[in-house]
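Open the model in your viewer and show it as a cartoon. This tour tells you what to select at each stop and what you will find there.

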Amino acid sequence: MSPPLAPTWHQKKAISKTLELLNRDVRLGIPRCRAVCYRDGIMTLPFQQRFLALAKERSPLCVGIDPSAEALNGWGLPDDAAGLRSFCERLAETCAPLVASVKPQVAFFERHGPAGMEVLRRTVEAAKNHGALVIIDAKSGDIGSTATAY
């Protein structure tokens, strides 16, 4: 069995922030058992607490990332995986550092097949690297533009 990997800079920052928030919560009388354990053994606060902390620090806005054909064309981008990647990179770099959360709509990525799903993965990764929470919007039978993409 190989030894565990050392935490990355982002993981160390997340651990530090989590400990800071946990200590604050204990001072406020909120028990530590409210933390949720995710992968890597890092204790993470429940979503609502992480959202409220980011909303105070940044903005409570949630930016929808809906790369429809119309949106790509409106930005002068082709309706293909390259256009999708460019659109999402721009939004993640511009918005993710300023808001509490982003919400990519899966249908608009799925319509580009595996290449589109790779763009979704990279978009999620970029938003998280900027400290934003990510909500994956994957509901079918939704409004017209999303239903059309499915």
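**The whole protein**

Keep in mind that this is a predicted model. Colour it by secondary structure and you can find seven helices and five strands. Followed from the N terminus, the elements run α-β-β-α-β-α-α-β-α-α-β-α. The protein has 150 residues, and buried ones make up 34% of them. Among contacts with a separation of 6 or more, 64% are between residues 24 or more positions apart.

**The sheet**

Select β3 (62-65), β4 (residues 101-104) and β5 (133-134). These three strands form an open sheet in the order β3-β4-β5, with parallel pairing.

Now look at how β3 meets β4. Four bridges join the two strands. As one point to check, isoleucine 65 stands opposite proline 104 in β4.

Show the side chains of β3. Which residues are on its covered face, and which on the uncovered one? Val63 and Ile65 are on the covered face, while Cys62 and Gly64 are on the uncovered face.

**The core**

Next select Ile65, Phe87, Cys88, Val102 and Phe109. The largest nonpolar core has 19 residues, and these five touch the most other members. At least two core residues come from each of β3, α4, α5 (106-110) and α6. Which element supplies the largest share of this core? α4 does, with five residues. In soluble globular proteins, nonpolar side chains tend to be buried together.

Stay on valine 102 for a moment. Leaving out residues up to four places away in sequence, valine 102 touches Cys62, Val63, Ile65, Ala96, Ala127, Leu133, Val134 and Ile135.

**Two helices side by side**

Select α4 (residues 81-95) and α6 (residues 113-129). Their axes are 10 Å apart, and the helices pack at an angle of about 10°. That angle makes α4 roughly parallel to α6, because angles under 35 degrees count as roughly parallel.

To see the contact, show Ala81, Leu84, Arg85, Cys88 and Ala92 on α4, and Ala115, Gly116, Val119, Thr123 and Ala126 on α6. What kinds of residues are these? Seven are nonpolar, two are polar and one is charged.

**Proline 114**

Proline 114 is also in helix α6. Is this residue buried or exposed? Proline 114 is exposed, because its relative accessible area is 72% and the cut-off for exposed is over 50%.

**Serine 59**

For the last stop, select serine 59, in the loop between α2 (47-57) and β3. Serine 59 has a relative accessible area of 17% and is therefore buried, since buried means under 20%. Which residues does serine 59 contact, leaving aside neighbours within four places in sequence? The contacts are with Leu54, Leu98, Val99 and Ala100.

Key: Residues numbered from 1 in each chain as written. Predicted model: local features only at pLDDT ≥ 70, side-chain atom pairs only at ≥ 80, totals over all residues. Heavy atoms only, no water. Axes fitted to C-alpha atoms, helices over the stretch in contact; angles between N-to-C directions. Parallel < 35°, antiparallel > 145°, perpendicular 65-115°, else oblique. Contact = heavy atoms within 4.5 Å. Nonpolar A, V, L, I, M, F, W, Y, C, P; charged D, E, K, R; others polar. Buried < 20%, exposed > 50% of the residue type's maximum accessible area, 1.4 Å probe, protein only. Pairing = 2+ DSSP bridges. Core = buried A, V, L, I, M, F, W, Y, C linked by side-chain atoms within 4.5 Å.
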